[in-house]
Amino acid sequence: MLADIIEYDFLRNTFLTGLLIGIIAPLLGTFIVVRRLSLIADALSHVTLAGIAFGLLLEKKFAATIVTPLYGGMAFSVIGSIFIEKLRGVYKAYEELAIPIILSGGVGLSLIFISLADGFNTELFNFLFGSVSAVSQKDFLSILGISIFVIIVIFLFYKELFTLSFDEEHASVSGIHAKRIHFLFIILTALVIAASIRIVGVLLVSALMTLPVASAMRLARGFKQTIILSVIFGELAVVLGLFSGYYFSIPPGGTIVLVSIIILLLSISAKRFTFNSKRERESA
Amino acid sequence: MTESVVTMNKIHYAYDNKPVLSNVNFEIPRGALMGLIGPNGGGKTTLIKLILGLLKPDNGSISLFGQPINKFKEWNKIGFVSQKSNTFNKGFPATVFEVVSMGLTAKIGYLKFLTKQHKEIILQAIEQVGMSDYAHQNVGNLSGGQQQRVFIARSLVNDPELLILDEPTVGVDHENVQRFYDLLERLNNKRNITLLLVTHDTGIITEHATDIVCLNRTLHFHGDPKEYTSLTDRDLSNFYGHPVNVVSHDH
Ligand SMILES: Nc1ncnc2c1ncn2[C@@H]1O[C@H](COP(=O)(O)OP(=O)(O)OP(=O)(O)O)[C@@H](O)[C@H]1O
Ligand SMILES: [Mg+2]
């Protein structure tokens, strides 16, 4: 694949895009997991699908290329995230209710757009499960822009995001603008999801945001270490997943998730191994 | 007369028409180690939320450090360890150092970063609560009492003049409760921090507090611990609405 990457532009775009989302998905995913919001990623990815379908519909029926599927997905994802926040405010004691509402809304809208366009076939399949050949130069540049934005914002607001994630009440009492920071966070989430879908697909995007984090949490000490390990695992999963997907002609969503699960299993047994050996030493 | 850090005047508060506090008049003198006791649902946490500005009274006035609460800006003078802090997500991957550093987040301000000096302050606070050996352990792996110390350290980094603790010793065993109160007395004496401590541990608090306040809808007692311990069981059961034994921890 390496030679092909150098030779074919579209593969190079895919590979570089993969490297980018291998950073931003687990980076943001760490905050999502510790706040127990993993399911929000799923809900938003389905809303993003509606936006993608909308973009495809415009392309197909009206040959309108202003709203590319990526931008359509981004717009829907951001709007969806705002809706989730509103719903979580309305159902304070049942915050998780927002998730099925938004998720089913996203799927419903997607179905409507898809049938209005009389179906999309392969392209839709690519969006569901990811693709090694779907990334255009234009998409790559947009995703590069999103990634730089996300990384800079997280860097600048790291301590606020971290403080808020650990203890929302304490954060607000101490004078952090919890609502605004949370809003920023949810917008970032929407952007990262929209960016990741090209490679891993709607159905598996939340996996790339959560599995590397689940593995990292087993091994890391502290939050910074968890982030760093998550990103390393994310990159590993993306690179190995893309290569194997390319060789075996499997959508990379599938291979990336499988690699992530293998990493997870290894990290669980690694932890058990160190724990056991410590116990053995103590009892010896 | 000693200056008071908190003054509450004729406070009324209701949650959606369900009155919780009525006509509460209350003062915390500077330098006090005040124990706030009372039955479950008596309104202790509500009272604290009013002091912290998380709730607004329906009636009456509150002043903090001599200023009306709506003019008060120096919130970092007040440290708070909430009743919920021991129900935090135990799987959260954060070291003791990282948790204590969160106390400085608001003070440092947006778009600025932890400096060497901040790190010194954090390590000092960790030392003051006797947790230096655990600074780089994940906080979820510590015992309940140790976690409470970490949360106190998180408040101490702001150099608070008033520290409010809502039931910090729940689930802490007897020996560690004793050490915990020693720590509080040390903070009170050496660092001159005024303390407001909510607890159900009526026995041990009377040994350490300078003032005791009993709250059930309204204040039923406000005075020094000796007076409180001399209250008859009948006074207490009137106040609690059921018979109580004052559990003593003297051995
Ligand atoms: N957010 C809320 N909405 C409605 N009612 C509330 C709310 N919080 C507390 N209450 C009610 O107000 C009353 C006082 O509650 P509060 O938490 O202040 O009591 P407390 O003295 O701290 O009790 P505990 O010892 O159990 O902590 C209780 O009857 C409680 O049910
Ligand atoms: Mg309470």
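Select B:Q83 to begin: at 32% relative accessibility this residue is partly exposed, a class lying between buried (under 20% relative accessible area) and exposed (over 50%), with a 1.4 Å probe and protein chains only. Before going further, note that this is a predicted model, where local features need pLDDT of at least 70, side-chain atom pairs count only at pLDDT 80 or more, and totals for chains, interfaces and linings use all residues. Residues are numbered from 1 along each chain as its sequence is written, chains are lettered from A and ligands numbered from 1 in the order in which they are written, and side-chain values use heavy atoms, leaving out hydrogens and water.

Helices (H or I, at least four residues) and strands (E, at least two) are DSSP runs, numbered from the N terminus. B:T45 is also partly exposed, with a relative accessible area of 27%.

Next, show the open sheet of chain B, with four strands in the order β2-β1-β4-β5 and antiparallel pairing; strands pair if DSSP finds at least two bridges between them. Its edge strands are β2 (18-29) and β5 (67-68), each pairing on one side only. Two bridges join β4 (residues 59-64) to β5(B), and B:S63 stands opposite B:P68.

Move on to β9 (residues 211-216) and β10 (residues 218-223) of chain B, antiparallel strands joined by five bridges. Zoom in on B:L215, whose bridge partner is B:L219. Which residue in the turn has a positive phi? Select B:R217: its phi is about 70°, and one residue lies between the two strands of this hairpin.

Finally, turn to chain A and select helices α2 (residues 9-34) and α12 (residues 223-248), which pack at about 145° with axes 8 Å apart. Axes are lines fitted to C-alpha atoms, for helices over the stretch in contact, and angles run from 0 to 180 degrees between N-to-C directions. The contact (heavy atoms within 4.5 Å) includes A:G18 and A:G22 of α2(A), and A:S230 and A:G234 of α12(A).
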